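This briefing sets out selected structural features of a single protein chain, grouped by topic. Please consult the sequence and the model shown below while reading.

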Amino acid sequence: AEPVINPTVPAAEPTTAAAPPGQNTLPECQGRDTYDPGTTVITSADVNLRSEATTESASLGLLPAGTQLQVTGSFVDLPDCDWWPVTDPATGQAGFVREDFLEAAPQQ
């Protein structure tokens, strides 16, 4: 039997439409907080501490959600998501974490 096509249902629009020029293609990275050097932040999920500001760089280890980190400088502004240089005060290890995995630590 032929499939019945309901003429009142419009064809689905593709969901992978390109973002307009000048718009960030990863909306989860838009409107994020900025932090001053020395600010304490926490990881919002399990995330890799990276040697450089890219997902292709070596992982220096997995930081569990809720890890407190200290911002050590200005962010690296990249087209998709910005990356923050951080140090883990518990280990002294320094690296980079993508901004969508960081949030301001609650004020004590």
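Gly-38 is located in the segment before S1. The model is a predicted one. In the chain there are seven strands and zero helices, and the order along the sequence reads β-β-β-β-β-β-β.

- When residues up to four places away in sequence are not counted, Gly-38 touches Gln-70 and Val-71.
- Between Gly-38 and Thr-87 the C-alpha to C-alpha distance is 9.7 Å, although 49 residues separate them in sequence.

**Strand S4 and its partners**

- Strand S4 covers residues 68–71, strand S1 covers 40–43 and strand S5 covers 83–88.
- S4 pairs with S1 in the antiparallel sense, over three bridges, and Ile-42 stands opposite Gln-68 of S4.
- S4 also pairs with S5 in the antiparallel sense, here over two bridges, and Gln-70 stands opposite Thr-87 of S5.
- In a regular strand, side chains alternate between the two faces of the sheet.

**Thr-43 in strand S1**

- Thr-43 belongs to strand S1.
- The relative accessibility of Thr-43 is 2%, which lies under the 20% limit, so the residue counts as buried.
- A polar atom of the Thr-43 side chain lies 2.7 Å from the backbone oxygen of Pro-64.
- With neighbours within four places in sequence left aside, the contacts of Thr-43 are Leu-63, Pro-64, Ala-65, Gly-66, Thr-67, Leu-69, Phe-101 and Leu-102.

- Leu-78 is found in the loop between S4 and S5, and its relative accessible area of 28% makes it partly exposed.
- Apart from neighbours within four places in sequence, Leu-78 is in contact with Ala-53 and Trp-83.
- The C-alpha atoms of Leu-78 and Ala-53 are separated by 8.6 Å, and the two residues are 25 residues apart along the chain.
- Gly-92 sits in the loop between S5 and strand S6 (93–98).
- Gly-92 has a relative accessible area of 52%, which is over the 50% limit, so Gly-92 is exposed.
- Between Gly-92 and Leu-69, which are 23 residues apart along the chain, the C-alpha separation is 9.8 Å.

**Disulfide**

- The structure contains one disulfide, which joins Cys-29 to Cys-81 with an S to S distance of 1.7 Å.
- Cys-29 lies in the segment before S1 and Cys-81 in the loop between S4 and S5, so the pair ties together parts that are 52 residues apart in sequence.
- The torsion about the S-S bond of Cys-29 and Cys-81 is about 80 degrees, so this disulfide is right-handed.
- Cys-29 and Cys-81 are both buried.
- The loop that holds Cys-81 is also the place of Leu-78.

**Salt bridge**

- Side chains of opposite charge can pair when their charged atoms come close.
- One salt bridge is counted in the model.
- Arg-98 forms a salt bridge with Asp-100, and their closest N and O atoms are 2.6 Å apart.
- The 2.6 Å separation of Arg-98 and Asp-100 is within the 4 Å cut-off, so the pair qualifies as a salt bridge.
- Arg-98 is buried, at a relative accessible area of 16%, and Asp-100 is buried as well, at 12% relative accessibility.

**Chain totals**

- The chain has 108 residues, and 28% of them count as buried.
- Of the contacts between residues at least 6 apart in sequence, 51% join residues at least 24 apart.
- The chain exposes about 7,200 Å², and 53% of this area is supplied by carbon and sulfur atoms.

Methods. Residues numbered from 1 in each chain as written. Predicted model: local features only at pLDDT ≥ 70, side-chain atom pairs only at ≥ 80, totals over all residues. Heavy atoms only, no water. Salt bridge = Lys/Arg side-chain N within 4 Å of Asp/Glu carboxyl O. Buried < 20%, exposed > 50% of the residue type's maximum accessible area, 1.4 Å probe, protein only. Disulfide = S-S within 2.5 Å. Helix = DSSP H or I, 4+ residues; strand = E, 2+ residues; numbered from the N terminus. Contact = heavy atoms within 4.5 Å. Areas by Shrake-Rupley, 256 points an atom, 1.4 Å probe, with all protein chains shown as cover. Pairing = 2+ DSSP bridges. Polar contact = N/O pair within 3.5 Å; in protein donor to acceptor, adjacent residues only side chain to side chain.
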